[in-house]
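Subject: Handover of the model, with notes on what was found

Dear colleague,

I am passing on the structure below, followed by my notes on it. Please read the notes with the model open beside you.

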Amino acid sequence: MDNMLDIRNLTIHYEVESGTVHAVEGLNLTLGRGESLGFVGETGAGKTTTALGIMRLIPNPPGKIKSGEIIFDGENLLDKSEAEMRKIRGEKIAMIFQDPMTSLNPVMTVDKQIAEMISLHKKVTKSEALKLAGDMLELVGIRRERMHDYPHQFSGGMKQRVVIAIALACDPELLIADEPTTALDVTIQAQVLELMKELKQKFSASMILITHDLGIVAEICDKVAIMYAGRVVEYADKRSLYSHPIHPYTRGLFRSVPDIDEDVDELPVIPGLMPDPVNLPSGCAFHPRCSMATEECAKVRPEMQEAEPGHFAACPFCVKKFMNGEAL
Amino acid sequence: MSEKEIIPELVRKRRSPFVDVMMRLAKSPLAMFGLAIIFVLVFCAIFAELISPYSPIKQDLMHMFETPSAEHWLGTDEFGRDILSRLIYGARVSLQVGFIAVGIALVTGGMLGAVSGYYSGKLDNIIMRVMDVLLSIPQTLLAIAIVAALGPSLMNLMIAVGISAVPTYARIVRGSVLSIRSMEFIEAARAAGSSDLRIILKHIIPNSMAPIIVQSTLGVASAILNAAGLSFIGLGIQPPNPEWGAMLSGGRQYIRDYPHMTLYPGLAIMLTILALNFLGDGLRDALDPKLKR
Amino acid sequence: MSEEYIRVENLKKYFATKRGMLHAVDDVSFTIKKGETLGLVGESGCGKSTLGRCLIRLLDSTSGKVLLKNDNDDGYIDITKASPREMKALRKRVQIVFQDPYSCLNPRLSVWELIAEPLIVNNVHSDKNEMRKRVRSLMETVGLAERLENSYPHELDGGRRQRIGIARSLALNPEFIVLDEPVSALDVCIQAQILNLLNDLQREFSYTYVFISHNLSVVRHVSDRIAVMYLGQIVELSEYKELFSDPLHPYTQALLSAIPLAKLDVQRERIILEGDVPSPIEPPNACRFAGRCRYAKDICRTTPPALKEILPGHFTACHFAKEQKQ
């Protein structure tokens with residue numbers, strides 16, 4: 001399988017008053033054609049920054065892509081000019097934002113917003129674009145009669161459908177969805193997730209789904225990357241990650257979510273807080289919170305190691321234990 | 001996607017909000033320039049007797065219309081009065097008018113606005129409609145009408161300039177009270193058992209200060225300008241008392257032959273307004289909670 | 001534990017809007033037992049937060065009663081009709097923790113001032129030293145380091161801010177605390193820390209909680225009993241395990257099936273509800289869920305179902321709950 005997206009050693013910093021925020025620090029990631037990757041981490045882990053980096057939309061200042069390569073379809077996006085990037089955005093890589101309430105233009109009818117996206121990237125007449133917009137709306141489950149409505153006439157879930165329609169309008173190769181259902185209610189979230197699953201099969205686009213909800217990842221992703229303090233700490237296909245997570249952070253994350261079938265008195269927690277991204281701990285960024293940390297962890301920054309085919313973790317200690325068949 | 005999401009929280013040193021604002025203000029060179037000019041003006045106003053080389057009203061008919069020289073740095077006017085001294089004393093009047101007029105506008109407008117915003121309903125409607133009527137009359141025209149009715153004097157000038165600015169402050173205060181009133185921490189204070197008065201004094205007013213401070217700074221500038229304008233047309237400070245607007249008006253007749261008589265008062269007004277505006281802009285940026293991470 | 005502590009009778013809260021009366025809470029009755037946690041779940045706009053605020057009279061109810069058992073005798077006091085003086089005393093007994101730790105703290109007050117505020121406004125301590133001690137001990141109780149007392153809210157992370165909110169609500173030694181989505185704005189790791197804290201506090205001081213949340217797995221974790229709300233009404237109320245294993249109302253069933261689970265290979269039927277929650281403005285006099293319900297029959301569109309006890313301790317408001325059970 002060829003890789004459609006290959007991120008190598010990506011580092012993104014924000015220069016602020018109090019110092020340098022190490023938002024993304026030496027990140028490596030690959031994504032195959034047609035795959036969907038769940039990108040999981042807590043607030044401030046650098047998920048959104050990575051996504052904006054791929055789109056080359058990091059606000060500058062204060063943000064800056066310091067180093068690394070983002071190879072998309074064999075070409076490094078970081079070498080592209082702004083004009084070339086504009087062509088790629090929307091046509092090849094599309095993004096769905098978290099809040100459907102604010103990502104639509106309130107004074108434009110929804111069909112026009114979709115048509116705008118289409119006519120930006122395709123040579124079509126205005127009426128053709130509007131017709132395609134209607135098709136897109138039907139595809140995401142909105143009746144054609146409503147195409148001339150304004151965003152405020154739709155509910156939150158419907159708005160997110162419109163946003164999805166805009167993102168898919170140009171049949172992109174890569175779709176980045178940043179917490180697409182976080183602002184929605186559970187039953188509406190279920191509707192939208194169902195729709196996304198359906199569309200995933202219809203369009204053969206690859207997808208990066210940014211979320212903090214391990215449940216959503218379990219539902220629609222093939223691969224999972226767990227991010228902590230600007231780095232990927234574990235990467236695997238969904239099945240092996242969910243059945244045997246290796247990195248201590250991943251295991252802590254799984255345990256701190258209350259289970260729907262089981263009673264526990266006390267939730268196991270990861271002690272402490274996310275590290276301050278202005279001065280990250282030396283060595284492994286997780287070591288101050290890790291119960292297994294040794295002196296070594298504070299000194300050497302751990303590299304990703306393959307524990308089993310396709311399952312990588314940035315904790316040599318745990319990988320070794322896992323490979324020896326010991327309990328983690 | 002908020003900034004919070006991109007730039008994670010940073011652990012910072014302990015600072016009170018005031019120090020925080022001042023530190024951010026210090027980063028803006030224009031605001032610091034404005035602040036410096038205002039300090040100089042306030043200094044001049046307070047110590048006018050000590051620093052002015054001559055009396056501002058003493059006529060010296062031997063030295064009329066003198067251009068700047070070693071004795072009279074900025075020259076003399078048609079009665080031989082030292083322009084520099086008149087400017088220094090004039091600063092006293094101008095600042096007094098500026099600050100007191102804004103004070104009048106702020107207290108009256110602020111009270112009306114706070115009542116309007118906090119209690120809303122019918123009272124709000126009545127107050128705001130009256131303010132709308134006042135707003136529909138041009139500020140200067142309103143001030144002229146008030147001074148014309150009360151008679152020209154320093155006090156009346158300040159009242160006139162103050163009243164004509166009331167609606168602006170009423171609107172600003174009402175707007176910020178309305179937005180603060182709906183914040184969750186007001187509800188939290190109520191849940192803790194706080195009284196209405198305490199909520200207004202401790203929670204609403206301190207949090208609605210930012211736009212008011214900014215508007216007041218800019219307001220002082222426009223009040224000074226307004227007062228100078230009224231004096232220019234003879235409705236403000238009466239001769240021989242020094243006032244920048246009146247000096248400008250007095251020098252008008254001689255502008256062809258002795259431009260320095262209008263140049264320096266004009267420069268003084270301009271510099272003051274500019275300084276206040278720079279400071280106001282700087283304060284707005286420094287107080288903007290969106291820039292506060 | 002089984003002693004009745006709060007009895008809510010026919011509580012209604014309507015808001016006047018331009019398009020008519022908004023029925024935020026519409027004729028709700030239930031009881032809360034001493035020392036228990038009652039979970040209140042529902043989607044946004046179902047009235048759960050409004051109900052929580054009416055319980056402690058942060059909002060005045062339109063009609064109905066909230067009866068709170070007196071400390072010293074067996075009588076009750078109706079919070080909705082308490083005089084201002086009685087209310088001042090009641091404020092010490094009933095408290096609330098808010099959802100958004102970013103907006104529920106006055107940004108201009110320091111941590112110390114924030115926690116001291118309830119003590120000051122209620123004149124709890126005349127002695128300054130005593131108050132200082134009390135604030136310190138509250139900070140310790142909720143796990144805030146003493147060095148933070150001069151910090152301002154914007155300098156702290158969400159978890160710490162929520163700890164301040166909790167400390168404020170504990171300051172007056174309340175008996176009953178409404179927790180309005182206390183962990184919704186927090187990351188999972190911090191969420192777990194706060195949930196454990198709330199749990200420990202309840203064990204130590206035997207508080208009675210109403211825990212409002214839209215997150216079902218969190219509610220299940222903390223609650224003894226759970227009430228499910230839909231459009232201003234309670235549609236199901238039951239002991240927590242039974243609600244999850246044996247939901248009777250079709251809405252509860254759909255809600256439970258919609259939770260994304262962090263597990264693979266879970267066999268379950270997902271019920272996707274069609275459409276959106278209808279408007280709470282002037283709702284029809286019928287079962288409010290009928291329009292989205294897959295079992296709806298004629299009677300559902302004409303007669304509103306009452307909340308009935310179908311199984312011991314398990315109430316539901318559905319005309320066909322009994323039939324479904326069989």
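What share of the contacts in chain C with a separation of 6 or more comes from residues 24 or more positions apart? Such pairs account for 64% of those contacts, where two residues are in contact if their C-beta atoms, placed from the backbone, lie within 7 Å.

Before the rest, some conventions. This is a predicted model, in which local features need pLDDT of at least 70 and side-chain atom pairs count only at pLDDT 80 or more, whereas totals for chains, interfaces and linings use all residues. Residues are numbered from 1 along each chain as its sequence is written, while chains are lettered from A and ligands numbered from 1 in the order in which they are written.

Chain C as a whole

Chain C holds 11 helices and 12 strands, both being DSSP runs numbered from the N terminus (helices are H or I with at least four residues, strands are E with at least two). Its radius of gyration is 21 Å, close to the 20 Å that the globule rule gives for 326 residues, so chain C is as compact as a globular protein of that length; the radius is taken over C-alpha atoms, and the rule is 2.2 Å times the number of residues to the power 0.38. Along the principal axes, the C-alpha atoms of chain C fill a box of roughly 70 × 50 × 45 Å. Of the 326 residues of chain C, 48% count as buried, a term that requires 20 or more other C-beta atoms within 10 Å of the residue's own, with exposed meaning 12 or fewer and partly exposed lying in between, and with C-beta atoms placed from the backbone.

A sheet and a helix in chain C

Chain C contains an open sheet of 4 strands in the order β2-β1-β4-β5, with antiparallel pairing; two strands are said to pair if DSSP finds at least two bridges between them. The edge strands, each pairing on one side only, are β2 (20–33) and β5 (76–78) of chain C, and the twist from one strand to the next averages 25°. Strand β4 (residues 63–69) of chain C pairs with β5(C) in the antiparallel sense over 3 bridges, and Leu68(C) has Ile77(C) in β5(C) as its bridge partner.

Helix α1 (residues 48–55) of chain C lies across β1 (4–17), β2 and β4 of chain C, and runs at about 60° to β2(C); for such angles, axes are lines fitted to C-alpha atoms, for helices over the stretch in contact, and the angles run from 0 to 180 degrees between N-to-C directions. The helix α1(C) is mostly covered, with 8 of its 8 residues buried, including Lys48(C) and Arg53(C). After α1(C) comes Arg57(C), whose phi is positive, near 55°.

The sheet of chain A

In chain A, an open sheet of 8 strands has the order β6-β7-β8-β3-β9-β10-β12-β11, with mixed pairing. Its edge strands are β6 (93–96) and β11 of chain A, each of which pairs on one side only. Strands β7 (residues 174–178) and β8 (residues 206–211) of chain A run parallel and are joined by 5 bridges, with Leu175(A) having Met207(A) in β8(A) as its bridge partner. By contrast, β11 (residues 305–308) and β12 (residues 311–313) of chain A run antiparallel, joined by 3 bridges, and Glu306(A) stands opposite Phe312(A) in β12(A). The hairpin of β11(A) and β12(A) has 2 residues between the strands, and Gly310(A) in this hairpin takes a positive phi near 80°.

Where chain A meets chain C

Here 34 residues of chain A are in contact with 30 residues of chain C. The elements giving two or more residues to the chain A side are α6 (186–202), α7 (214–220), α8 (238–243) and α9 (248–255) of chain A, and α6(A) gives the most, with 7 residues.

Two points in chain B

The axes of α5 (residues 83–119) and α6 (residues 121–136) of chain B come within 7 Å and cross at roughly 145°. Separately, Val21(B) sits in helix α2 (residues 17–26) of chain B and counts as partly exposed because it has 19 C-beta neighbours inside 10 Å. Val21(B) and Ala286(B) are 265 residues apart in sequence, yet 5.5 Å apart in space, C-alpha to C-alpha.

With best regards
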